[in-house]
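This report covers selected contacts in one protein model. Please look at the sequence and structure first.

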Amino acid sequence: MNSSVPLHLRLLLPALALGLGVALDFIQPVGLLAATLFISIVLLGDHRRPQWLWWLLGLATSIALAAHLVPGFLPTTLALPQRFSLDADPVAIRLSWDKLLVGLTLLAWWLGQRPQHSLSLRKAWHVMIATLIVVPTLALALGLVAWQPKWPDGLWLWLLINLGVAVLAEELLFRAWLQPCLVKRLGAWPGVLLTAALFGAAHIPFSPLFALVAAVAGLGYGLAFHYSGRLHLAIVLHGAVNLTHMLLLSYPLRLA
């Protein structure tokens, strides 16, 4: 597996975040141990056999960390709860160190992969435009959100955390790690659809209807990646959908 970025340089991405979190006491010893194990599995186990076991371990540990199921990580509150929309609950801006480490570790792994083949950039752009229209429209039609244009205080901080932590980790986990494996085993459409369904299922704790909207969005992200072979387009699309949600609609969700 050829890489333009040597492994020791890619290791710096999660290692620096891990060291900073430990130094600031937001990552405790058990978290340090879990994170070190996770980084080792993902970045040092790629050539181990059997390959399926390495992939499953990486998937399981990524999910556990991203879902905050592993002890030893304390979120950092960067902004106190703020009501972004009149019809929604207040939201605090927090940095989740465990999810940050998932994103940076998988990014370090991804930078070591061969470039993906592009099937059709034109189709990818069509999918991106359609996703930006369909997802907010569906959320409005289901009553999950209402029209609430705004430019809130703290927008840039929100965007930094949302794009640099949540979106990065989710796209690397679902589109870079999960989708290619499912596409390889099941075929293009079944693999992309199943990945989108699993992405939606991950959002069920918010509400079943929100999970449906997330699945539709995930289909758009997955097709953009599948057609273009470029993960950054899926990341940009995901960030654009989230930014549209923040700037134009109830955020996070309309109160019942």
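Arg175 and Glu171 both lie in helix 7, four residues apart, about one turn of the helix. Helices here are DSSP runs of H or I with at least four residues, numbered from the N terminus. The model is predicted: local features need pLDDT of at least 70, side-chain atom pairs count only at pLDDT 80 or more, and totals for chains, interfaces and linings use all residues. Residues are numbered from 1 along each chain as its sequence is written, and side-chain values use heavy atoms, with hydrogens and water left out.

**Salt bridges**

A salt bridge is a side-chain nitrogen of Lys or Arg within 4 Å of a carboxyl oxygen of Asp or Glu. By this rule there are two salt bridges, listed here.

| Salt bridge | N to O distance |
|---|---|
| Lys99 and Glu170 | 3.1 Å |
| Arg175 and Glu171 | 2.7 Å |

Lys99 in helix 5 and Glu170 in helix 7 (residues 155-186) are 71 residues apart, and their pair links distant parts of the chain. Buried means under 20% relative accessible area, with exposed over 50% and partly exposed in between, for a 1.4 Å probe and protein chains only. Lys99 is buried at 16% relative accessibility, and Glu170 is buried at 15%. Arg175 and Glu171 are both buried as well.

**Residues that touch these pairs**

Contact means heavy atoms within 4.5 Å. Not counting residues up to four places away in sequence, His203 touches Glu170, Phe210, Ala211 and Ala214. His203 sits in the loop between helix 8 (188-201) and helix 9 (208-228), and is buried with a relative accessible area of 11%. A polar atom of the His203 side chain lies 2.7 Å from the backbone oxygen of Phe199.

Thr195, in helix 8, has a relative accessible area of 1% and is buried. Leaving aside neighbours within four places in sequence, Thr195 contacts Phe174, Arg175, Leu178, Gln179 and Leu182.

Leu104 belongs to helix 5 (residues 97-110) and is buried at 15% relative accessibility. Beyond its neighbours within four places in sequence, Leu104 contacts Leu13, Pro14, Ala17 and Leu168.

Pro14 also takes part in another contact: with Leu18 and Val22 in helix 2, Pro14 meets Leu32, Ala35, Thr36, Ile39 and Leu43 in helix 3. The residues of this contact divide into seven nonpolar, one polar and no charged. The axes of helix 2 (residues 12-23) and helix 3 (residues 29-44) come within 11 Å and cross at roughly 180°. The two helices are therefore roughly antiparallel, a term for angles over 145 degrees.

Note on methods:
Axes fitted to C-alpha atoms, helices over the stretch in contact; angles between N-to-C directions. Parallel < 35°, antiparallel > 145°, perpendicular 65-115°, else oblique. Nonpolar A, V, L, I, M, F, W, Y, C, P; charged D, E, K, R; others polar. Polar contact = N/O pair within 3.5 Å; in protein donor to acceptor, adjacent residues only side chain to side chain.
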